[in-house]
Amino acid sequence: MNKGHSIMEYETVALDDENSELVIIDQTKLPFKTEILRLKTQREIWNAIYLLQVRGAPAIGVAAAFGLYLAAKEIGSRDYETFYGEFQKVKNHLNSARPTAVNLSWALKRMEAVCKRNEHKPVEEIKKALLKEAEEIRSRDVSVCRQIGEYGLSLVKPGDGLLTHCNAGKLAAVRYGTATAPMYLGAERGYGFRIFADETRPLLQGARLTAFELHDSGLEVILICDNMAASVMRNGWVNAVFVGCDRVAANGDTANKIGTSMAALAAKRYGVPFYVCAPTSTIDMEMKTGADIVIEERPGEEITEMWYKERMAPKGIKTYNPSFDVTDNDLITGIVTEYGIVYPPYTESLKNILAENLYGYVPQL
């Protein structure tokens, strides 16, 4: 980390339109080094999303929107059909980078909708409209996260112990984060939370990112291994669990970083409220249940050797390394959105909150 600078002073995702660059924090280098990447090519942007240099559902959506705009900006044709054909190729390629996070496809579909709505306008005007839409996606992320924070804060009281898993923080969004938004707002108002952060396998996002950003921001945070969550709950040290998610199915099942379902099971056993913080952009009504969600599987080397000076597992050992798991809806106390908190039965409450507050692209109900 550069001396004298807090991680909160950096934009997680930004656009340098003058130089046609997507500007991100390389999250694979944290917490030891704050490195700003300036990405020009679609290969660089696709790799940044796939390799988790930019990660977290909201941040991925913003990065994809800016990336697609930059690609459109470089298309030279003034003929709409040719322009749209090239636009579609880039959109589909970007969409392949991360299959589980619905914000990626959500943002890309919003950009595509702008392109279609303006098909009778000159291509240069379409490009301006795409820039405006990408900037709106970014600015909306900030306001959405703050609203989630306000609703989440209403569920807890000063002095509470909170637990979170993975990184649904500022680094996973543009500002505030989702699951950490109540924590940051509480800190601003003197709530004095004590926060337990699971380390989160296999990429240690809880240790490298959540613990880092909360500590750097002056909050009291205690890092624990994933298999310690049940113990701290049993001890009575946790009053509520806040986690983010990458996709919410129509029945309220949620997909989040691997290990989330174990935290939910422990919370259920010890009577700790378990809240999923989810912008409505992560609600996918086309997915009837969590069984329909595609779970990304990553290389086994992330378990066997990535974090060690020497390999820590036998050569030739078989591995299973899913990035996400599904938390069943009956383990979730409530889902905190920017429009309010929804409770079971989720098949009704999710449908209602989308119908009442429809914004941008939402699949047909």
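How do the residues in the lining of the largest cavity divide by class into nonpolar, polar and charged? I looked this up and found 11 nonpolar, eight polar and four charged residues, where Ala, Val, Leu, Ile, Met, Phe, Trp, Tyr, Cys and Pro count as nonpolar, Asp, Glu, Lys and Arg as charged, and the others, Gly among them, as polar.

Before going on, I noted that this is a predicted model, in which local features need pLDDT of at least 70 and side-chain atom pairs count only at pLDDT 80 or more, while totals for chains, interfaces and linings use all residues. Residues are numbered from 1 along each chain as its sequence is written, and side-chain values use heavy atoms, with hydrogens and water left out.

**Cavities**

I counted three cavities of 30 Å³ or more, and the largest has a volume of about 230 Å³. The search runs on a 1 Å grid over the protein atoms alone: a cavity is a set of points where a 1.4 Å probe fits but cannot get out, a pocket is an open set with protein on both sides within 12 Å along at least five of seven lines, and lining residues have an atom within 4 Å of a point. Grid points are joined across faces, edges and corners, and a volume is the space filled by probe spheres set on the points. Of the 23 residues that line the largest cavity, I found Arg55, Gly56, Ala57, Asn167 and Asp246 closest to its centre. Helix H2 (57-74) gives the most to this lining, with three residues; helices (H or I, at least four residues) and strands (E, at least two) are DSSP runs, numbered from the N terminus.

**Aspartate 246**

I then checked the record for Asp246, which UniProt lists, in an unreviewed entry, for "active site"; such annotations may be inferred rather than shown by experiment. In the model, aspartate 246 is in the loop between strand E7 (240-243) and strand E8 (247-249), and it counts as buried because its relative accessibility is 9% (buried means under 20% relative accessible area, exposed over 50%, partly exposed in between, with a 1.4 Å probe and protein chains only).

**The largest pocket and helix H9**

For the largest pocket I noted about 210 Å³ of space, with a lining of six nonpolar, three polar and three charged residues. Helix H9 provides the largest share of that lining, three residues, and Ala263 is among the lining residues. Alanine 263 is in helix H9 and is buried at 3% relative accessibility. Leaving aside neighbours within four places in sequence, I found alanine 263 in contact (heavy atoms within 4.5 Å) with Asp198, Met233 and Phe274.

Threonine 260 is also placed in H9, which spans residues 260-269, and is buried at 1% relative accessibility. Its side chain makes a polar contact of 2.8 Å with that of asparagine 256; the term covers a pair of N or O atoms within 3.5 Å, where within protein one must be able to donate a hydrogen and the other to accept it, and residues adjacent in sequence count only if both atoms are side-chain atoms.

**Backbone**

Most residues other than glycine have a negative phi, and most peptide bonds are trans. Serine 20 has a positive phi of about 55°, and leucine 52 has one of about 70°.
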